Amino acid sequence: MKTVIIHGQSHKGSTYHIAHALGEKIGGACREFFLPRDFDRFCVGCNQCFMEGEKICPHYEALAPITSAMDEADVIILASPVYVYHATGAMKAFLDHYGYRWMVHRPEKSMFRKQGVCISTAAGAGLGSTNKDMADSLFFWGVGKIYRYGKGVAAITWKGVSEKKRASIDRATTALAKKIRKQYGRVKPGIRTRVWFFAMHLMQRKGFNERDAKYWKGMGWTGRKRPWRS
């Protein structure tokens, strides 16, 4: 099993330690990327990824190592501390670059058989909205199974997290890793994803964006083929 972790910050705080621990408990190969250290570009809104293809994006080459790692992985972990009730700007800037992969455009086939995890921490509130920032992208990429884990650590640094909370985190990540391992090789998207896909299937049959329509037709998705079927 292969796991990739995208950290929404470059320092190793509470969010990092939780995500890293989960990656280790899942087992197998694990690659980690840190934002903005490993990718620090902002989407310029040129729309070239939608209209002409993602390789036209001025940041395509810089983003390629992370894109490749996500495509090869069985599990994608997105981790971000809460910044003013939302994911970090670095995480948002990163996710902005994959708008072309949303189901409404050109989703990557392999995503429908992957598992995704959203992890957030805060001294207090904002866990739900931060995880939603990341889960929205996982869902619209078509990721077959998505988990969310948010933890109020009541501390600014990992050293400040109490032993009681650390024990709780350990139990939660152990249980989550067990679920992920159990689902390995058996992932299929749920009804909500299938409904969205069917709606996009109808739209692409009529044609909206020429490049998107050509992609869907080439994949056979405007017919009877589906990305979660072998």
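Strand 3 is covered on both of its faces: V75, I77, A79 and P81 are buried on one side, and I76, L78 and S80 are buried on the other. Here buried means under 20% relative accessible area, with exposed being over 50% and partly exposed in between, using a 1.4 Å probe and protein chains only. Seven of the seven residues of this strand (residues 75–81) are buried, so strand 3 is largely enclosed by the rest of the structure. Strands are DSSP runs of E with at least two residues, helices are runs of H or I with at least four, and both are numbered from the N terminus.

A word on the ground rules: this is a predicted model, in which local features need pLDDT of at least 70 and side-chain atom pairs count only at pLDDT 80 or more, while totals for chains, interfaces and linings use all residues. Residues are numbered from 1 along each chain as its sequence is written, and side-chain values use heavy atoms, leaving out hydrogens and water.

Now look at the neighbours of strand 3. Strand 1 (residues 2–7) pairs with it in the parallel sense over five bridges; pairing requires that DSSP finds at least two bridges between the strands. Between strands 3 and 4 the chain passes through helix 4 (residues 89–96), making a right-handed β-α-β crossover. Right-handed means that, with the strands pointing away from you, the path from the first strand over the helix to the second runs clockwise.

Next, the aromatic rings. The whole structure holds 15 aromatic pairs, counted when ring centres of Phe, Tyr or Trp (its six-membered ring) lie within 6.5 Å; planes under 30 degrees apart are stacked, over 60 edge-to-face and the rest tilted. F112 and F197 make an edge-to-face pair, 5.7 Å centre to centre with 85° between the planes. F112 lies in the loop between helix 4 and strand 4, and F197 in helix 7 (residues 191–206), 85 residues apart. F112 also pairs with W228, this time tilted, at 5.9 Å and 50°. W228 is in the segment after helix 8 (210–219), so this pair ties together parts 116 residues apart in sequence. Both F112 and W228 are buried. F112, F197, Y215, W216, W221 and W228 form one aromatic cluster.
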